[in-house]
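Subject: Structure handover

Hello,

Please find the structure below, followed by notes on what was found in it.

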Amino acid sequence: MDETGLVELVRWIAVHLVDHPDDVKVSLVRGEAGKKTPTVLELRVHPDDMGQVIGKQGRVANAIRTLLKAASGRGGEAVRLEILE
Amino acid sequence: MKMVEVSGRTVEEAVEAALDQLGATRDQVDVEVLDEGTRGFLGILGSREARVRVRMQFRPEEQNRKAREFLEGLLRRMSMECGLETRFGDDEILHINITGGDTGILIGRRGQTLQALQYLVNVVANRGEERYQSILLDVEGYRDRRAEVLQRLARRKARRVLETGQRVALDPMNPWERRVVHMALRDMEGVETHSEGEEPARRVVISPAQRG
């Protein structure tokens, strides 16, 4: 799946987890090929919703990461998920 | 679960009164007749009121709706063409089976993608709900097949414990898999099971039963 598809996937999951869906923002920060920096998906939510998207012991965030890995497909490039206020 | 016991001149009247109390319609309840009552002689002598127990049927409709909406959108965004089959089991668990799609990707290595999907669906469907409804997600009957494999493995390892008197630790498993193993050996004489370690490395240990 291409990276914009992954953005939409994370957005869909996040808006269903939070109390302030309008404040959910997902952006893609492409890695630089030469410098070996990975592509990062930045998920921003309302400060009060941080706990909802991270979950107890990070379980929600880890579940989202597992789905991202599945969706980026076989041989797909690794995408890192970062959650920010 | 909401339930009332109500008396009335007839069963029908008692049921009507119970529905009023529950604020429910006939198709939302189960009725148990405790006493059909008797009219008695001339409607007076020896008459006995009818008595019914009326219970709200529990249907996790709201959670079901939220779970399906969330899953459908999520699977579409994973480019999966899938169907969803829903069943509310006797175990009071809402079972959702995903049919079609790339089952290999949806299940993932050792079922971990399925487990992640299930975790998120439970969180999303129960958000803001008073009563927690547990949802068990499956992909094309994967869990049944996996359960059979685990049950066979559990019995084989348990026999070794009986033969050698030595405890055996199984590979790490997710909570659902561990439960399958515990249940498989619950009634087996001579062995005990418990879990050790921290997620995701938590594993079932089969050991000889302590006497007494």
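A patch is made of residues with over 30% relative accessible area and no salt bridge, where like charges are joined within 9 Å and nonpolar side chains (Val, Leu, Ile, Met, Phe, Trp, Tyr) within 5 Å. Accessible areas come from the Shrake-Rupley method with a 1.4 Å probe, and for residues only the protein chains shown count as cover. Lys and Arg count as positive and Asp and Glu as negative, while His and the chain ends are not counted. The place of a charge is taken as NZ of Lys, CZ of Arg, CG of Asp or CD of Glu. A salt bridge is a side-chain nitrogen of Lys or Arg within 4 Å of a carboxyl oxygen of Asp or Glu.

This is a predicted model, in which local features need pLDDT of at least 70 and side-chain atom pairs count only at pLDDT 80 or more, while totals for chains, interfaces and linings use all residues. Residues are numbered from 1 along each chain as its sequence is written, chains are lettered from A and ligands numbered from 1 in the order in which they are written, and side-chain values use heavy atoms, with hydrogens and water left out.

The patch and the domains

B:Arg152, B:Arg155, B:Arg156, B:Arg159 and B:Arg160 form a positive surface patch. Of these, B:Arg159 sits in helix α5 (residues 142-164) of chain B; helices (H or I, at least four residues) and strands (E, at least two) are DSSP runs, numbered from the N terminus. B:Arg159 counts as partly exposed because its relative accessibility is 45%, given that buried means under 20% relative accessible area, exposed over 50%, and partly exposed in between (1.4 Å probe, protein chains only).

Chain B is assigned domain 1 (3-56), domain 2 (61-140) and domain 3 (145-208); such bounds come from an automatic or database domain assignment. Between the C-alpha centres of domain 1 and domain 3 of chain B there are 50 Å.

Salt bridges

How many salt bridges does the structure hold over all chains? The count is 15.

One of them joins B:Arg127 to A:Asp19, with the closest N and O atoms 3.1 Å apart. This pair crosses between chains: B:Arg127 is in the loop between α4 (112-126) and β6 (135-139) of chain B, and A:Asp19 is in the loop between α1 (3-15) and β1 (25-29) of chain A. B:Arg127 is partly exposed at 26% relative accessibility, and A:Asp19 is partly exposed at 48%.

Another is formed by B:Glu5 and B:Arg51, whose closest N and O atoms are 3.4 Å apart. The two residues are 46 apart in the chain, with B:Glu5 in strand β1 (residues 3-8) and B:Arg51 in strand β3 (residues 50-56) of chain B. Both belong to a network of salt bridges that links B:Glu5, B:Glu32, B:Arg51 and B:Arg53.

B:Arg146 and B:Glu177 also meet in a salt bridge, at 2.7 Å from N to O. B:Arg146 lies in helix α5 and B:Glu177 in helix α6 (residues 175-185) of chain B, so the pair ties together parts that are 31 residues apart in sequence. Is B:Glu177 buried or exposed? B:Glu177 is buried, with a relative accessible area of 2%.

One more residue

A:Gly51 is in helix α2 (residues 50-54) of chain A and counts as exposed at 51% relative accessibility.

Regards
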